[in-house]
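Colleague: I have just opened this one and would like to go through it with you. Could you take my questions one at a time?
Modeller: Gladly, ask away.

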2 protein chains.
Amino acid sequence: MAEREFKVIEIKQSVFADNNRAADELRASLKGQRTFLLNVMSSPGSGKTTTLEQTIARLKDEYRIGVMEADIDSDVDAHRIARAGVKAIQLHTGGMCHLDAGMTRQGLEELGTEDVDLAILENVGNLVCPAEFDTGAVKNVAILSVPEGHDKPLKYPLMFEVCQALIINKIDVLPYFDFDMDKVREFALMRNPSIKLFPISAKTGEGVDAWCGWLREQVDAWIK
Amino acid sequence: MAEREFKVIEIKQSVFADNNRAADELRASLKGQRTFLLNVMSSPGSGKTTTLEQTIARLKDEYRIGVMEADIDSDVDAHRIARAGVKAIQLHTGGMCHLDAGMTRQGLEELGTEDVDLAILENVGNLVCPAEFDTGAVKNVAILSVPEGHDKPLKYPLMFEVCQALIINKIDVLPYFDFDMDKVREFALMRNPSIKLFPISAKTGEGVDAWCGWLREQVDAWIK
(Lines give C-alpha, C1' and ligand atoms only; values in the text may rest on other atoms or scores of the structure.)
Protein backbone atom coordinates (compact mmCIF):
# COMPACT_ATOMS: atom_id res chain seq x y z
CA MET A 1 0.00 0.00 0.00
CA ALA A 2 1.29 3.49 -0.83
CA GLU A 3 2.38 5.51 2.16
CA ARG A 4 0.05 8.38 3.00
CA GLU A 5 1.51 11.82 3.53
CA PHE A 6 1.89 12.99 7.10
CA LYS A 7 2.90 16.16 8.93
CA VAL A 8 5.51 16.55 11.66
CA ILE A 9 4.32 18.88 14.44
CA GLU A 10 6.53 20.46 17.11
CA ILE A 11 4.19 20.62 20.09
CA LYS A 12 4.60 23.25 22.78
CA GLN A 13 4.64 22.76 26.52
CA SER A 14 1.12 23.07 27.83
CA VAL A 15 -0.04 26.31 29.43
CA PHE A 16 -2.79 24.78 31.53
CA ALA A 17 -2.09 24.75 35.24
CA ASP A 18 -4.97 22.37 35.84
CA ASN A 19 -4.29 19.38 33.60
CA ASN A 20 -7.13 17.27 35.01
CA ARG A 21 -9.65 19.94 34.08
CA ALA A 22 -8.15 20.37 30.61
CA ALA A 23 -8.36 16.59 30.16
CA ASP A 24 -12.02 16.49 31.21
CA GLU A 25 -12.84 19.33 28.81
CA LEU A 26 -11.05 17.54 25.96
CA ARG A 27 -12.97 14.32 26.66
CA ALA A 28 -16.26 16.23 26.70
CA SER A 29 -15.53 17.81 23.32
CA LEU A 30 -14.49 14.42 21.89
CA LYS A 31 -17.77 12.96 23.18
CA GLY A 32 -19.69 15.77 21.46
CA GLN A 33 -18.10 15.01 18.10
CA ARG A 34 -18.20 11.20 18.58
CA THR A 35 -14.46 10.63 18.48
CA PHE A 36 -12.91 8.01 20.75
CA LEU A 37 -9.34 8.66 21.90
CA LEU A 38 -7.08 5.78 22.96
CA ASN A 39 -3.80 6.54 24.76
CA VAL A 40 -1.14 3.85 24.24
CA MET A 41 1.77 3.80 26.70
CA SER A 42 4.80 1.54 27.24
CA SER A 43 8.56 1.38 27.63
CA PRO A 44 10.66 2.08 24.55
CA GLY A 45 10.70 -0.91 22.24
CA SER A 46 7.83 -2.93 23.65
CA GLY A 47 6.01 -2.88 20.32
CA LYS A 48 3.52 0.01 20.37
CA THR A 49 3.75 0.72 16.65
CA THR A 50 3.64 -2.93 15.57
CA THR A 51 0.60 -3.46 17.80
CA LEU A 52 -1.06 -0.44 16.18
CA GLU A 53 -0.30 -1.77 12.70
CA GLN A 54 -2.08 -5.03 13.61
CA THR A 55 -4.96 -3.15 15.24
CA ILE A 56 -5.40 -0.85 12.25
CA ALA A 57 -5.42 -3.79 9.83
CA ARG A 58 -8.36 -5.31 11.75
CA LEU A 59 -10.40 -2.15 12.43
CA LYS A 60 -9.86 0.25 9.55
CA ASP A 61 -12.84 -0.99 7.56
CA GLU A 62 -15.13 -0.38 10.55
CA TYR A 63 -13.83 2.95 11.82
CA ARG A 64 -12.17 6.03 10.40
CA ILE A 65 -8.83 5.95 12.23
CA GLY A 66 -6.30 8.71 12.90
CA VAL A 67 -2.99 8.20 14.71
CA MET A 68 -0.70 10.63 16.54
CA GLU A 69 2.85 9.32 16.94
CA ALA A 70 4.63 11.13 19.78
CA ASP A 71 8.41 10.97 19.97
CA ILE A 72 11.18 13.16 21.22
CA ASP A 73 12.76 12.91 17.78
CA SER A 74 12.55 10.96 14.48
CA ASP A 75 9.55 10.19 12.30
CA VAL A 76 10.15 6.45 11.94
CA ASP A 77 6.80 5.51 13.47
CA ALA A 78 4.62 7.96 11.51
CA HIS A 79 6.08 6.53 8.29
CA ARG A 80 5.02 3.05 9.41
CA ILE A 81 1.48 4.11 10.34
CA ALA A 82 1.11 6.12 7.13
CA ARG A 83 2.04 2.97 5.21
CA ALA A 84 -0.77 1.16 7.05
CA GLY A 85 -3.14 3.42 5.14
CA VAL A 86 -4.65 5.63 7.85
CA LYS A 87 -4.29 9.29 8.70
CA ALA A 88 -1.15 9.90 10.77
CA ILE A 89 0.86 12.77 12.19
CA GLN A 90 4.18 12.81 14.03
CA LEU A 91 4.36 14.89 17.22
CA HIS A 92 7.78 16.01 18.44
CA THR A 93 7.80 16.76 22.14
CA GLY A 94 11.00 18.82 22.20
CA GLY A 95 12.65 16.57 24.76
CA MET A 96 9.60 16.21 26.96
CA CYS A 97 8.97 12.78 28.44
CA HIS A 98 5.17 12.74 28.27
CA LEU A 99 2.08 14.39 26.78
CA ASP A 100 -0.55 16.19 28.82
CA ALA A 101 -4.07 17.18 27.79
CA GLY A 102 -3.05 20.53 26.29
CA MET A 103 -0.38 18.90 24.15
CA THR A 104 -2.79 16.16 23.10
CA ARG A 105 -5.34 18.80 22.08
CA GLN A 106 -2.70 20.50 19.89
CA GLY A 107 -2.05 17.16 18.24
CA LEU A 108 -5.75 16.44 17.67
CA GLU A 109 -6.26 19.86 16.09
CA GLU A 110 -3.42 19.17 13.66
CA LEU A 111 -4.68 15.65 12.97
CA GLY A 112 -8.24 16.87 12.41
CA THR A 113 -10.90 14.77 14.13
CA GLU A 114 -14.02 15.72 12.14
CA ASP A 115 -13.55 12.60 9.98
CA VAL A 116 -12.10 10.34 12.74
CA ASP A 117 -14.06 7.82 14.84
CA LEU A 118 -11.03 6.29 16.53
CA ALA A 119 -8.08 8.54 17.36
CA ILE A 120 -4.99 6.89 18.80
CA LEU A 121 -2.17 8.58 20.66
CA GLU A 122 1.07 6.62 20.75
CA ASN A 123 2.66 8.29 23.77
CA VAL A 124 6.42 8.75 24.35
CA GLY A 125 8.13 5.44 25.23
CA ASN A 126 8.36 5.75 29.00
CA LEU A 127 6.82 3.72 31.81
CA VAL A 128 6.95 6.54 34.35
CA CYS A 129 5.98 10.08 33.32
CA PRO A 130 3.14 9.49 30.81
CA ALA A 131 1.17 7.74 33.58
CA GLU A 132 1.17 10.95 35.61
CA PHE A 133 -0.72 13.07 33.08
CA ASP A 134 -4.31 12.56 31.97
CA THR A 135 -4.20 13.19 28.20
CA GLY A 136 -7.97 13.44 27.83
CA ALA A 137 -8.12 9.93 26.38
CA VAL A 138 -11.28 7.86 26.88
CA LYS A 139 -9.22 4.76 27.70
CA ASN A 140 -5.57 4.06 28.49
CA VAL A 141 -3.73 0.89 27.49
CA ALA A 142 -0.22 -0.13 28.54
CA ILE A 143 1.94 -2.57 26.60
CA LEU A 144 4.45 -4.69 28.49
CA SER A 145 6.60 -7.01 26.42
CA VAL A 146 7.88 -10.41 27.52
CA PRO A 147 11.60 -9.47 27.39
CA GLU A 148 11.00 -6.67 29.92
CA GLY A 149 10.12 -9.14 32.68
CA HIS A 150 7.05 -9.88 34.79
CA ASP A 151 8.14 -7.69 37.73
CA LYS A 152 7.33 -4.36 36.09
CA PRO A 153 3.97 -3.79 37.88
CA LEU A 154 5.95 -3.96 41.16
CA LYS A 155 8.42 -1.30 40.06
CA TYR A 156 6.20 1.09 38.08
CA PRO A 157 2.89 1.00 39.97
CA LEU A 158 1.14 4.07 38.58
CA MET A 159 1.23 2.92 34.95
CA PHE A 160 -0.75 -0.17 35.84
CA GLU A 161 -3.18 1.77 38.04
CA VAL A 162 -4.21 4.26 35.34
CA CYS A 163 -4.74 1.77 32.50
CA GLN A 164 -7.95 -0.11 31.75
CA ALA A 165 -6.14 -2.68 29.59
CA LEU A 166 -2.71 -4.28 29.61
CA ILE A 167 -1.32 -5.91 26.48
CA ILE A 168 1.43 -8.47 27.10
CA ASN A 169 3.30 -8.38 23.80
CA LYS A 170 5.94 -10.63 22.20
CA ILE A 171 4.48 -13.89 23.52
CA ASP A 172 6.13 -15.57 20.50
CA VAL A 173 9.48 -15.32 22.37
CA LEU A 174 8.18 -16.70 25.69
CA PRO A 175 10.37 -19.84 25.36
CA TYR A 176 13.54 -17.72 25.40
CA PHE A 177 12.81 -15.60 28.49
CA ASP A 178 12.14 -16.22 32.17
CA PHE A 179 8.72 -14.57 32.05
CA ASP A 180 5.93 -15.85 34.29
CA MET A 181 2.48 -15.05 32.86
CA ASP A 182 0.73 -16.00 36.12
CA LYS A 183 2.95 -13.66 38.10
CA VAL A 184 2.50 -10.69 35.77
CA ARG A 185 -1.27 -11.21 36.01
CA GLU A 186 -1.08 -11.38 39.82
CA PHE A 187 1.12 -8.25 40.05
CA ALA A 188 -0.98 -6.25 37.56
CA LEU A 189 -4.25 -7.16 39.31
CA MET A 190 -2.65 -6.20 42.65
CA ARG A 191 -2.16 -2.69 41.22
CA ASN A 192 -5.52 -2.57 39.48
CA PRO A 193 -8.15 -5.30 40.12
CA SER A 194 -10.23 -4.34 37.06
CA ILE A 195 -7.45 -4.23 34.45
CA LYS A 196 -8.01 -6.49 31.40
CA LEU A 197 -5.03 -8.51 30.18
CA PHE A 198 -4.42 -9.39 26.53
CA PRO A 199 -1.41 -11.61 25.77
CA ILE A 200 -0.51 -11.07 22.10
CA SER A 201 2.22 -11.36 19.53
CA ALA A 202 2.08 -8.27 17.36
CA LYS A 203 4.60 -10.04 15.14
CA THR A 204 2.51 -13.15 14.39
CA GLY A 205 -0.93 -11.68 15.13
CA GLU A 206 -1.72 -14.20 17.88
CA GLY A 207 -4.16 -12.81 20.44
CA VAL A 208 -4.72 -9.55 18.57
CA ASP A 209 -8.36 -10.36 17.78
CA ALA A 210 -9.23 -10.51 21.50
CA TRP A 211 -7.59 -7.12 22.07
CA CYS A 212 -9.44 -5.63 19.09
CA GLY A 213 -12.71 -7.09 20.40
CA TRP A 214 -12.27 -5.22 23.67
CA LEU A 215 -11.29 -2.01 21.87
CA ARG A 216 -14.31 -2.29 19.54
CA GLU A 217 -16.63 -2.51 22.58
CA GLN A 218 -15.09 0.61 24.09
CA VAL A 219 -15.30 2.60 20.86
CA ASP A 220 -18.90 1.57 20.16
CA ALA A 221 -20.00 2.47 23.69
CA TRP A 222 -18.54 5.96 23.19
CA ILE A 223 -19.52 6.91 19.65
CA LYS A 224 -22.93 5.22 19.24
CA MET B 1 26.02 -16.92 48.96
CA ALA B 2 24.04 -15.48 51.88
CA GLU B 3 22.20 -12.28 51.10
CA ARG B 4 23.69 -9.22 52.75
CA GLU B 5 21.41 -6.87 54.64
CA PHE B 6 20.40 -3.65 52.92
CA LYS B 7 18.48 -0.51 53.77
CA VAL B 8 15.59 1.05 51.88
CA ILE B 9 15.91 4.84 51.67
CA GLU B 10 13.13 7.27 50.69
CA ILE B 11 15.06 10.01 48.94
CA LYS B 12 13.75 13.57 48.85
CA GLN B 13 13.45 15.87 45.89
CA SER B 14 16.65 17.83 45.51
CA VAL B 15 16.84 21.40 46.78
CA PHE B 16 19.66 22.50 44.49
CA ALA B 17 18.61 24.92 41.80
CA ASP B 18 21.89 24.45 39.96
CA ASN B 19 22.17 20.71 39.38
CA ASN B 20 25.25 20.95 37.18
CA ARG B 21 27.16 22.69 39.96
CA ALA B 22 25.98 20.18 42.57
CA ALA B 23 27.12 17.38 40.23
CA ASP B 24 30.57 18.93 39.78
CA GLU B 25 30.94 19.32 43.55
CA LEU B 26 29.92 15.71 44.12
CA ARG B 27 32.47 14.50 41.54
CA ALA B 28 35.19 16.57 43.20
CA SER B 29 34.46 15.08 46.61
CA LEU B 30 34.40 11.56 45.12
CA LYS B 31 37.78 12.26 43.51
CA GLY B 32 39.14 13.38 46.87
CA GLN B 33 38.13 10.14 48.55
CA ARG B 34 39.07 7.95 45.56
CA THR B 35 35.60 6.61 44.85
CA PHE B 36 34.50 6.08 41.25
CA LEU B 37 30.77 6.49 40.55
CA LEU B 38 29.16 4.77 37.56
CA ASN B 39 25.62 5.78 36.50
CA VAL B 40 23.73 2.98 34.72
CA MET B 41 20.69 3.97 32.66
CA SER B 42 18.25 2.12 30.40
CA SER B 43 14.60 1.39 29.65
CA PRO B 44 12.72 -0.80 32.11
CA GLY B 45 13.61 -4.45 31.62
CA SER B 46 16.74 -4.12 29.49
CA GLY B 47 18.81 -6.00 32.04
CA LYS B 48 20.54 -3.44 34.29
CA THR B 49 20.52 -5.62 37.38
CA THR B 50 21.62 -8.81 35.58
CA THR B 51 24.45 -6.86 33.93
CA LEU B 52 25.50 -5.59 37.36
CA GLU B 53 25.44 -9.12 38.80
CA GLN B 54 27.84 -10.23 36.04
CA THR B 55 30.00 -7.14 36.49
CA ILE B 56 30.19 -7.60 40.28
CA ALA B 57 31.16 -11.27 39.90
CA ARG B 58 34.16 -10.23 37.77
CA LEU B 59 35.31 -7.15 39.71
CA LYS B 60 34.50 -7.70 43.37
CA ASP B 61 37.89 -9.23 44.19
CA GLU B 62 39.65 -6.17 42.74
CA TYR B 63 37.48 -3.35 44.08
CA ARG B 64 35.29 -2.69 47.09
CA ILE B 65 31.90 -2.24 45.40
CA GLY B 66 28.73 -0.52 46.63
CA VAL B 67 25.47 -0.37 44.66
CA MET B 68 22.50 1.99 44.87
CA GLU B 69 19.33 0.55 43.32
CA ALA B 70 16.89 3.34 42.42
CA ASP B 71 13.26 2.47 41.80
CA ILE B 72 9.93 4.15 42.20
CA ASP B 73 8.80 1.21 44.28
CA SER B 74 9.81 -2.39 45.28
CA ASP B 75 13.13 -3.72 46.55
CA VAL B 76 13.46 -6.63 44.11
CA ASP B 77 16.76 -5.37 42.70
CA ALA B 78 18.49 -4.59 46.01
CA HIS B 79 17.75 -8.17 47.12
CA ARG B 80 19.48 -9.46 43.99
CA ILE B 81 22.56 -7.25 44.44
CA ALA B 82 22.78 -8.07 48.14
CA ARG B 83 22.81 -11.74 47.18
CA ALA B 84 25.77 -10.99 44.89
CA GLY B 85 27.72 -10.26 48.05
CA VAL B 86 28.39 -6.51 47.85
CA LYS B 87 27.08 -3.56 49.80
CA ALA B 88 23.69 -2.43 48.46
CA ILE B 89 20.92 0.00 49.27
CA GLN B 90 17.52 0.54 47.70
CA LEU B 91 16.53 4.13 46.89
CA HIS B 92 12.83 4.92 46.48
CA THR B 93 12.25 8.02 44.41
CA GLY B 94 8.68 8.69 45.50
CA GLY B 95 7.34 8.59 41.95
CA MET B 96 10.16 10.62 40.45
CA CYS B 97 11.43 9.51 37.06
CA HIS B 98 15.14 10.26 37.52
CA LEU B 99 17.89 11.06 40.03
CA ASP B 100 19.79 14.31 40.13
CA ALA B 101 23.06 15.10 41.89
CA GLY B 102 21.44 16.04 45.20
CA MET B 103 19.46 12.81 45.31
CA THR B 104 22.54 10.81 44.36
CA ARG B 105 24.49 12.47 47.17
CA GLN B 106 21.78 11.44 49.66
CA GLY B 107 22.08 7.89 48.40
CA LEU B 108 25.88 7.87 48.65
CA GLU B 109 25.73 9.19 52.22
CA GLU B 110 23.40 6.34 53.18
CA LEU B 111 25.51 3.80 51.29
CA GLY B 112 28.72 5.07 52.89
CA THR B 113 31.62 5.50 50.47
CA GLU B 114 34.61 5.47 52.83
CA ASP B 115 35.11 1.77 52.11
CA VAL B 116 33.97 1.83 48.46
CA ASP B 117 36.24 2.08 45.39
CA LEU B 118 33.51 1.53 42.83
CA ALA B 119 30.04 2.91 43.54
CA ILE B 120 27.30 2.10 41.07
CA LEU B 121 23.98 3.88 40.68
CA GLU B 122 21.30 1.86 38.91
CA ASN B 123 19.08 4.71 37.80
CA VAL B 124 15.27 4.54 37.35
CA GLY B 125 14.30 2.53 34.24
CA ASN B 126 13.63 5.33 31.79
CA LEU B 127 15.32 6.30 28.53
CA VAL B 128 14.26 9.94 28.73
CA CYS B 129 14.47 11.82 32.03
CA PRO B 130 17.60 10.35 33.65
CA ALA B 131 19.64 11.59 30.67
CA GLU B 132 18.67 15.18 31.49
CA PHE B 133 20.26 15.26 34.96
CA ASP B 134 23.98 14.99 35.73
CA THR B 135 24.09 12.76 38.80
CA GLY B 136 27.72 13.54 39.62
CA ALA B 137 28.84 10.21 38.18
CA VAL B 138 32.32 9.92 36.68
CA LYS B 139 30.99 7.93 33.72
CA ASN B 140 27.53 7.14 32.30
CA VAL B 141 26.61 3.89 30.60
CA ALA B 142 23.36 3.10 28.80
CA ILE B 143 22.05 -0.41 28.23
CA LEU B 144 19.93 -1.10 25.17
CA SER B 145 18.61 -4.63 24.78
CA VAL B 146 18.06 -6.43 21.49
CA PRO B 147 14.26 -6.77 21.89
CA GLU B 148 13.92 -2.97 22.14
CA GLY B 149 15.08 -2.47 18.55
CA HIS B 150 17.99 -0.77 16.84
CA ASP B 151 16.14 2.50 16.20
CA LYS B 152 16.30 3.78 19.79
CA PRO B 153 19.23 6.22 19.24
CA LEU B 154 17.04 7.94 16.64
CA LYS B 155 14.12 8.36 19.03
CA TYR B 156 15.91 9.11 22.33
CA PRO B 157 18.93 11.16 21.25
CA LEU B 158 20.04 12.66 24.57
CA MET B 159 20.57 9.31 26.31
CA PHE B 160 23.14 8.32 23.69
CA GLU B 161 24.80 11.75 23.74
CA VAL B 162 25.48 11.78 27.49
CA CYS B 163 26.88 8.24 27.79
CA GLN B 164 30.49 7.21 27.31
CA ALA B 165 29.58 3.55 26.84
CA LEU B 166 26.63 1.67 25.37
CA ILE B 167 25.98 -1.95 26.29
CA ILE B 168 23.88 -3.89 23.78
CA ASN B 169 22.37 -6.58 25.99
CA LYS B 170 20.52 -9.85 25.28
CA ILE B 171 22.57 -10.76 22.19
CA ASP B 172 21.66 -14.40 22.98
CA VAL B 173 18.20 -13.72 21.52
CA LEU B 174 19.44 -12.00 18.33
CA PRO B 175 18.09 -14.86 16.15
CA TYR B 176 14.53 -14.16 17.31
CA PHE B 177 14.41 -10.40 16.71
CA ASP B 178 14.84 -8.06 13.73
CA PHE B 179 17.77 -6.23 15.29
CA ASP B 180 20.53 -4.85 13.10
CA MET B 181 23.83 -4.50 15.01
CA ASP B 182 25.43 -2.44 12.21
CA LYS B 183 22.52 0.00 12.25
CA VAL B 184 22.50 0.46 16.02
CA ARG B 185 26.23 1.17 15.84
CA GLU B 186 25.70 3.69 13.03
CA PHE B 187 22.81 5.42 14.87
CA ALA B 188 24.63 5.52 18.24
CA LEU B 189 27.82 6.92 16.66
CA MET B 190 25.72 9.53 14.85
CA ARG B 191 24.56 10.76 18.28
CA ASN B 192 27.96 10.41 19.91
CA PRO B 193 31.06 9.67 17.79
CA SER B 194 33.18 8.65 20.81
CA ILE B 195 30.71 6.22 22.45
CA LYS B 196 32.10 2.70 23.07
CA LEU B 197 29.82 -0.23 22.22
CA PHE B 198 29.81 -3.52 24.10
CA PRO B 199 27.50 -6.27 22.78
CA ILE B 200 26.88 -8.68 25.66
CA SER B 201 24.56 -11.34 26.99
CA ALA B 202 24.19 -10.76 30.72
CA LYS B 203 22.39 -14.11 30.78
CA THR B 204 25.22 -16.21 29.32
CA GLY B 205 28.12 -13.89 30.18
CA GLU B 206 29.20 -13.48 26.55
CA GLY B 207 30.98 -10.16 25.96
CA VAL B 208 30.94 -9.14 29.64
CA ASP B 209 34.75 -9.39 29.97
CA ALA B 210 35.24 -6.66 27.34
CA TRP B 211 32.79 -4.38 29.16
CA CYS B 212 34.54 -5.04 32.49
CA GLY B 213 37.90 -4.32 30.87
CA TRP B 214 36.70 -0.88 29.82
CA LEU B 215 35.17 -0.21 33.24
CA ARG B 216 38.40 -1.32 34.97
CA GLU B 217 40.38 1.21 32.92
CA GLN B 218 38.00 4.01 33.90
CA VAL B 219 38.05 3.12 37.61
CA ASP B 220 41.86 2.79 37.73
CA ALA B 221 42.36 6.13 35.98
CA TRP B 222 40.16 7.77 38.65
CA ILE B 223 41.25 6.15 41.89
CA LYS B 224 44.97 5.53 41.33
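Colleague: Which residue is the bridge partner of B:Leu166 in β8(B)?
Modeller: The bridge partner of B:Leu166 is B:Leu197. Strands here are DSSP runs of E with at least two residues, helices are runs of H or I with at least four residues, and both are numbered from the N terminus. This is a predicted model, in which local features need pLDDT of at least 70, side-chain atom pairs count only at pLDDT 80 or more, and totals for chains, interfaces and linings use all residues. Residues are numbered from 1 along each chain as its sequence is written, while chains are lettered from A and ligands numbered from 1 in the order in which they are written.

Colleague: How many bridges join β7(B) to strand β8 of chain B?
Modeller: There are 4 bridges, and the two strands run parallel; two strands pair if DSSP finds at least two bridges between them. β7(B) is also joined to strand β6 (residues 139-145) of chain B, by 5 bridges and again parallel, with B:Asn169 as the partner of B:Ser145.

Colleague: And how many residues of β7 in chain B are buried?
Modeller: In strand β7 (residues 165-169) of chain B, 4 of its 5 residues are buried, where buried means that 20 or more other C-beta atoms, placed from the backbone, lie within 10 Å of the residue's own, exposed means 12 or fewer, and partly exposed is in between.

Colleague: Switching to chain A, what is the strand order in the sheet?
Modeller: It is an open sheet of 8 strands with parallel pairing, in the order β1-β4-β3-β5-β2-β6-β7-β8. β1 (7-10) and β8 (196-199) of chain A stand at the edges with a single partner strand each, so one side of each has no neighbour in the sheet.

Colleague: Which residues of α8(A) are buried?
Modeller: A:Val208, A:Trp211, A:Leu215 and A:Val219 are buried. They lie on the same side of α8(A), because they cover an arc of only 65 degrees around the axis, taken from the directions from the helix axis to the C-beta atoms. The face turned away from that buried side carries the exposed residues A:Asp209, A:Gly213, A:Glu217 and A:Ala221.

Colleague: What about confidence, how does chain A score?
Modeller: Chain A averages a pLDDT of 94, and 97% of the residues score at least 70; pLDDT is the predictor's confidence in each residue, from 0 to 100. The model scores ipTM 0.88 and pTM 0.92.
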